[in-house]
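Please view the structure first.

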Amino acid sequence: MLALSRVQASHLVQMRQLIDIAGSAKEIIDNAHNLDDIISGATPQLKAAIGDKETIELAEKEMEFIEKNNIKLLLITDDDYPYRLKECPDAPLVLQSMGNADLNAKHIVSIVGTRHATEYGKRVCESFVTELAHSIPDTLIISGLAYGIDICAHRAALEAGLPTIGVLAHGLDQIYPGTHRITARNMLEKGGLLTEFMSKTNPLKQFFVQRNRIVAGMSDATVVIESAARGGSLITASLASSYARDCFTFPGRVYDQYSQGCNELVAHNKAALITCADDFIKAMNWEAKNNKKKKLGTQTELFPELTSEEKAIITALQNSDEGLQINQMVIMLDKPINELLPLLFEMEMKGYVKAVAGGCYRAITM
């Protein structure tokens with residue numbers, strides 16, 4: 001099967017048919033030059049590719065790499081192959097996996113977006129994942145380990161205690177980009193890495209597009225957080241729709257470059273608009289295990305070390321999704337700005353609040 005995966009890219013649909021009819025990869029390889037006896041329309045190029053001795057030799061070397069590095073090999077005929085992905089007509093014949101994540105988890109969500117994430121996009125991503133962890137704690141988060149929203153989703157999942165899988169556009173002998181190596185290592189402890197590519201495969205541009213179908217196909221739903229008018233995340237959203245999967249997006253301001261793609265998805269009914277995890281959970285008809293409103297109402301009880309003034313600040317910030325400006329808090333809390341600023345500074349140092357763009361503060365969800 002590993003050898004056949006070397007020639008699957010341009011013949012994938014035929015290869016799936018061949019496996020279904022022949023019953024095994026060995027049968028196909030043994031009859032490479034007589035494929036017409038198994039399936040009609042086999043091209044000379046397909047026959048030559050399957051019968052190429054170099055293909056077999058490369059597969060044998062790859063098996064040595066897999067065994068040496070304790071990599072799990074998942075064949076499309078295996079029971080533990082991701083069943084959601086198996087439903088897709090262009091699913092890879094073979095996947096290589098590292099880590100401990102359940103690739104057939106009850107709830108799987110793909111989170112994708114621009115590589116040039118803004119502070120708004122990062123905040124939306126972090127909040128969405130954190131809220132999702134509280135309400136659906138068995139969720140597996142899928143993304144592509146790329147810059148921007150991808151890595152933000154992985155890190156937010158790890159921070160929230162959710163398993164997360166990075167789908168790679170290259171082999172498991174490297175991590176791209178290299179700056180995400182530490183996060184990738186942490187993901188092996190709670191989640192993992194997944195690829196259809198053999199070792200020594202470089203992360204070429206077309207491979208990122210190719211791997212997007214795995215990101216979309218493995219999941220119950222795809223959530224797009226920030227995208228320009230053109231980008232890989234829109235390709236992933238389109239693939240999700242083609243697989244009859246749900247697609248969601250967060251809105252952005254109409255003039256923001258990295259919200260144009262999201263706003264267009266909504267405008268053309270290609271994705272449902274959500275503003276929080278609760279919207280997503282209700283749309284998916286998932287049963288939340290925690291009541292978010294109840295949690296927010298009692299959250300200050302989790303911080304007995306806070307003073308009454310600090311608890312009042314936390315409560316005010318929790319009741320505002322967008323955060324509050326210092327002038328707003330002065331009015332709401334009836335406290336002079338010269339007293340409020342030192343309190344906010346101290347709470348920021350303790351990790352209870354965060355200063356964000358626009359002179360606003362928001363509570364950090366615990």
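Ala312, Ile313, Ala316 and Leu317 of helix H15 meet Met329, Met332 and Leu333 of helix H16. Contact means heavy atoms within 4.5 Å. This is a predicted model: local features need pLDDT of at least 70, side-chain atom pairs count only at pLDDT 80 or more, and totals for chains, interfaces and linings use all residues. Residues are numbered from 1 along each chain as its sequence is written, and side-chain values use heavy atoms, with hydrogens and water left out.

**Helix pair H15 and H16**
- By class, the contact of H15 with H16 has seven nonpolar, no polar and no charged residues. Ala, Val, Leu, Ile, Met, Phe, Trp, Tyr, Cys and Pro count as nonpolar; Asp, Glu, Lys and Arg count as charged; the others, Gly among them, are polar.
- The axes of H15 (residues 308–318) and H16 (residues 326–333) come within 11 Å and cross at roughly 115 degrees. Axes are lines fitted to C-alpha atoms, for helices over the stretch in contact, and angles run from 0 to 180 degrees between N-to-C directions.
- Helices (H or I, at least four residues) and strands (E, at least two) are DSSP runs, numbered from the N terminus.

**The sheet**
- Nine strands form an open sheet with mixed pairing, in the order S1-S2-S6-S5-S4-S3-S7-S8-S9. Two strands pair if DSSP finds at least two bridges between them.
- The edge strands are S1 (72–75) and S9 (272–273), and each pairs on one side only.
- Helix H11 (residues 232–242) packs on the sheet and touches S3, S7 (221–224) and S8 (246–249). The direction of H11 makes about 155 degrees with that of S7.
- Helix H13 (residues 277–284) lies across S3, S7 and S8, running at about 160 degrees to S8.

**Strand S3**
- S3 (residues 107–112) and S4 (residues 139–143) run parallel, joined by four bridges.
- Valine 109 stands opposite isoleucine 141 in S4, and serine 110 stands opposite isoleucine 142.
- Six of the six residues of S3 are buried, so S3 is largely enclosed by the rest of the structure. Buried means under 20% relative accessible area (1.4 Å probe, protein chains only).
- His107, Val109 and Ile111 cover one side; Ile108, Ser110 and Val112 lie on the other, and all are buried.

**Nonpolar cores**
- The largest nonpolar core has 57 residues. Among those touching the most other members are Leu4, Ile50 and Ile142. A core is a set of buried Ala, Val, Leu, Ile, Met, Phe, Trp, Tyr and Cys residues joined through side-chain atoms within 4.5 Å.

Terms used: Buried means under 20% relative accessible area, exposed over 50%, partly exposed in between (1.4 Å probe, protein chains only).
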